[in-house]
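Work through the exercises below with the model open. Try each task before reading its solution.

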Amino acid sequence: MTDHVHDLRSVREATDRLLTAVAKLDNAALAEQSHLPAWTRGHILAHLARNADALVNVLEGRPMYESAAARDADIERDSGRPLEEHLTDLRDSAARFLATGEPAQDWSRTVELRNGVTDLASNVPFRRLVEVELHHVDLNIGYELGDLPDEFTEREIEFLADRWSGRPEVPPVALAAADGRRWRTGSAGDPAVTVSGTAAGLLAWLAGRGDKGASLTTAGGPLPELPPL
């Protein structure tokens, strides 16, 4: 069962780690390429701030973003700001999100995200945690997939494995972590392909990050290609 109180606390801790790391950068570093194609580090920081506000909208019953074009324009507009402006915006927007999650509310209600996607309100804090943790890795400043908290890695693998489950374009796949944990994903049927590796390596493949499966081993067939997130 999702524990939104626990997840909000994890968001606060992950945000503090992010802010501490970003504060060590300078303006020139923000203009450098991140791990994400076509995005600088400044683009990622701008996205993280606006995503916090977008999830406030979700919890308060408003559209997540005005439009896809407005979302992209806001990120582009804010990407080139100096470090101190990014830090202030990240702190303030994170505080707004956490404050929205503090009052008692119906966490069992259904909320709407982007592109018609719906979810339980109680899952929104974990969705924010995913944004903070994975984009911290995407910044390319020394925080790697292997540095993510074990609990987060396991939950995100479960989330993404579920996301790709039932997709006809993804064959049935068994996932085997080196520490003995197991998952399955892809279309229905007995998995013919088993993908094995570290939890961080499995997450990299499922999330389209890092080596994207280069460190994994497969049995029963080649490593399947996943759709983009």
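**Exercise 1. Is Asp 72 buried or exposed, or partly exposed, and what is its relative accessible area?**

Step 1. Asp 72 has a relative accessible area of 43%. Step 2. Apply the cut-offs: buried is under 20%, exposed is over 50%, and partly exposed lies in between (1.4 Å probe, protein chains only). Asp 72 is therefore partly exposed. Step 3. Look at its partner. Asp 72 forms a salt bridge with Arg 71, with 2.9 Å between the closest N and O atoms. A salt bridge here needs a side-chain nitrogen of Lys or Arg within 4 Å of a carboxyl oxygen of Asp or Glu. Step 4. Check Arg 71: at 14%, this residue is buried.

Before going on, note the ground rules. This is a predicted model, where local features need pLDDT of at least 70, side-chain atom pairs count only at pLDDT 80 or more, and totals for chains, interfaces and linings use all residues. Residues are numbered from 1 along each chain as its sequence is written, and side-chain values use heavy atoms, leaving out hydrogens and water.

**Exercise 2. Which residue forms a salt bridge with Arg 96?**

Step 1. The partner is Asp 53, and the closest N and O atoms are 2.9 Å apart. Step 2. Arg 96 sits in helix H5 (residues 83-101) and Asp 53 in helix H3 (residues 41-59), so the pair links distant parts of the chain, 43 residues apart. Helices are DSSP runs (H or I, at least four residues) and strands likewise (E, at least two), numbered from the N terminus. Step 3. Widen the view. Arg 96 and Asp 53 belong to a salt-bridge network that also includes Arg 50, Asp 74, Arg 77, Asp 78, Arg 81 and Asp 89. Step 4. Count: the structure holds 18 salt bridges.

**Exercise 3. Why is helix H6 largely enclosed by the rest of the structure?**

Step 1. Find H6 at residues 124-138; it has 15 residues. Step 2. Of these 15, 13 are buried, so H6 is largely enclosed. Step 3. Check the span. H6 reaches 21 Å from its first C-alpha to its last, close to the 21 Å expected at 1.5 Å a residue. The expected span is 1.5 Å times one less than the number of residues. Step 4. Follow the chain onward: Asn 140 comes after H6 and has a positive phi, near 60°.

**Exercise 4. Which strands pair with S5?**

Step 1. Strand S3 (residues 173-177) runs parallel to S5, joined by 5 bridges. Pairing requires at least two DSSP bridges between two strands. Step 2. Strand S6 (residues 217-219) pairs with S5 in the antiparallel sense over 3 bridges.
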